[in-house]
Amino acid sequence: MTQLRRRAALLALVMVASSACADDDPASGAGLSCGPGTKEVDGACMPVATSPDVTCGEGTEEVDGACVPAATSPGLTCGEGTEDANGECVPTALQPGHFLSPLVQLQNLHEVGSHTDEVRIREDGLLLNCSYTFNVIDAKDPADMEVLAGGLKHAIPDDSRAPGCKHLAWDDNLVFTTHLGNIRNPAFLSGWDISDPEAPVQLHVLQEQGVSYEGVDVANHNIFVGLHGNGLGVYNYDSASGFTRVGSLGGFTNAWGIAARDNHVFVADGVDGLVTVDATDPTKPVELGRVATGGQAKGVVVDGDFAYVAAGSAGVAVVDISDLESPVVVGRAEMPGTPLRLAYSEGRLFVAAWNDVRVYDVSTPATPTFVAAVRIPREFEYDDPDRELPTMRTFGVAARGQDVFIGTWENPYSYRLEPERVAPNIRLPEAAARIDFGQVAVGDRKTVPLEVTNQGTAPLTLVDSWISGASFSVAPRQARIQPGETIELELTYLASATDQEIGYLHVVSDDPAAPVRKAYLVGNAPGVTVGAPLPATVGTMLDGKTWTSEESSGSVLLLTYFATFCPVCANHLPDTEERFWRKYKDQGLQIVALNPRESVDQIGQVQAYGDNIKVTFPLGIEETASTYAAVTSNFPGPNPFPVDVIVGKDGIVRYASHEYDPDAMTAVIEQALAE
């Protein structure tokens, strides 16, 4: 009986299975009808080895005479980076492209003095360099540059300090140099006779009471100098008597960069934009017109009917100067960072933009088109060898055809531009140097976004994104980013300890210039860090009053640290004025800038420094530098200034960095103000 029941049950299952088959075939056994792909065997429908007549329904396919789920689902469309697997879209491995970099490094002159401010190339192949020293370089062959005279410092009468320079220009073999002046360096107008480029002879020195010298250029043997709030100065030079002021023009807010062409001078005037000047009579220069460029106008170059103005947060403004009395902004190149100086050559604009050098095609001036950019890492021996090298700050750029000369924080570099090459170009925020997750309880998670931008000219493929550090994770692992687009990586910290935990994000891509970029991740860090209260901070301000951090309780505070000898800070503080103070002060933002390196008895010199750079938020000296020391203890590295700390209304630190990242700061400030 048991065997009969089992046989009956088996036959019942077979009958059910056979009823699920497709169209019936003619009967193969008494009362039994088997469908396509099957046949009657001992009273049951069994699969056949091959069934040419089988018809399978949607989502199935014939395999060995049977209908099985299809590998591809006809109604399913999978996006880029995924493929159909059994009817579902699953990620696939993205294949990288193969590219050559449009900017190829040729040489790095290690022996040239640090803190380069300006580089300019002459038609005779001499590259002149202002830094902590003045340098003359043979750059006829950009791949084999040679220092002809290096490490030159200016002797200043009755002053023991021996400064370098900030700006330079030339008239034949006379090179004129300037310095704005600070606590460590006097303000002056001087220069060098380079008739023998291997043995330059210093020119006379001019110092005028209360005058600070900035940008300089030469036309018709007249020397035009930006004098900050003192306007435009016009000078002549005679080997016997030295410099003579022959003309002046006032009415400027912060005369900075200068470009002279024939009888006309173009002045970058800080927040007031570009000013055009008629210097036909150099003793009586006359203002012709002016135009607001946005941002902080600092550098300017001229070609034909167009002036290009480095305007800080407003990028590069393209100004039509065909009518000198009515200049008009007709185009703009927006960019990250802070453009400071410019060079023009053969229809291309080269921009020194603080964190990189950028190249634009301006053959159609009103519509600059991005060509290439290069970020130069700065050598530094971290205690932790897995950290990415910091970004080299770039303040100077010169160009000769496709030869590009870059003045960095450390040394001059030479590059070759290959403009026909297209390639992706990855950009990470400077804040990636230290991404602070703050304080997170054990077992809790916190996720923060990290923007990855492709600023190149070809699609960027993130081949892999991965993190060394068990407490951190990243998604997505792969992505393809089109030129000009930005995606967000989600970085997640799962706290497993109350002590500091670190991780290293590796972003592997097909950017030929930077195939691997890194970010440093920190959770539950000690000291003055994100999520910690700001320690009590005290400063003696320029007006002699005492400021304490308690006075900012209930307000959003941007506490920024500077030093008067810091070349970067002379650009950072005016940029902070324009980007944050002018925009957010009426919304409740407070900004206090403290100098932790000078003593209170030097406050008068700090006042002169502040007057030169034209900032209106409070400046002072931190009396004990205790907060500065506590913050920077978390930032080992070669860049002690500037340091930015953003504090919420509750007194808790929301942001701290020694790498200037205005986009990241804007996001934090706006969020804190909205709370």
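Asp124 is partly exposed, because its relative accessible area is 36%. The scale works like this: buried means under 20% relative accessible area, exposed means over 50%, and partly exposed lies in between (1.4 Å probe, protein chains only). Arg122 counts as buried, since its relative accessible area is 7%. The side chains of Arg122 and Asp124 meet in a salt bridge, 2.9 Å from N to O. A salt bridge here is a side-chain nitrogen of Lys or Arg within 4 Å of a carboxyl oxygen of Asp or Glu. Side chains of opposite charge can pair when their charged atoms come close.

A word on the source. This is a predicted model, in which local features need pLDDT of at least 70, side-chain atom pairs count only at pLDDT 80 or more, and totals for chains, interfaces and linings use all residues. Residues are numbered from 1 along each chain as its sequence is written, and side-chain values use heavy atoms, with hydrogens and water left out.

How many salt bridges does the structure hold? The count is 24. Another of them pairs Glu659 with Arg393, at 4.0 Å from N to O. This pair links distant parts of the chain, 266 residues apart. Glu659 sits in the loop between strand 50 (653–657) and helix 5 (662–674). Arg393 sits in the loop between strand 31 (369–374) and strand 32 (394–400). Helices (H or I, at least four residues) and strands (E, at least two) are DSSP runs, numbered from the N terminus. Both Glu659 and Arg393 are buried.

Now take Arg400 and Asp403. They form a salt bridge too, with the closest N and O atoms 3.0 Å apart. Arg400 has 24% relative accessibility, so Arg400 counts as partly exposed. Asp403 has a relative accessible area of 8%, so Asp403 is buried. Elsewhere, salt bridges that share partners join Asp117, Glu118, Lys166 and Arg341 into one network.

Next come the cysteines. Which residues form a disulfide? Cys130 and Cys165 do, with their sulfur atoms 2.0 Å apart. A disulfide is a pair of cysteine sulfur atoms within 2.5 Å. By this rule, the count comes to one. The torsion about the S-S bond of Cys130 and Cys165 is about -105°, so the disulfide is left-handed. Cys130 lies in strand 9 (residues 126–130), and Cys165 lies in the loop between strand 11 (146–152) and strand 12 (167–171), so the pair ties together parts that are 35 residues apart in sequence. Cys130 and Cys165 are both buried. Cys566 is buried as well, because its relative accessible area is 6%. Cys569 counts as buried because its relative accessibility is 0%.

Turn to the surface. Asp141, Asp144, Glu146, Asp196 and Glu198 gather there in a patch of negative charge. Such patches are made of residues with over 30% relative accessible area and no salt bridge, with like charges joined within 9 Å. One member, Asp196, is found in the loop between strand 14 (188–193) and strand 15 (201–202). Asp196 is partly exposed, because its relative accessible area is 40%.

Last, look at Ser241. Is Ser241 buried or exposed? At 52% relative accessibility, Ser241 counts as exposed. Ser241 has its place in the loop between strand 18 (232–238) and strand 19 (242–249). Ser241 and Val374 are 133 residues apart along the chain, and their C-alpha atoms are separated by 45 Å.

Terms used
Patch = residues over 30% accessible without salt bridge, like charges linked within 9 Å, V, L, I, M, F, W, Y side chains within 5 Å. Areas by Shrake-Rupley, 256 points an atom, 1.4 Å probe, with all protein chains shown as cover. Lys, Arg positive; Asp, Glu negative; His and termini not counted. Charge placed at Lys NZ, Arg CZ, Asp CG, Glu CD.
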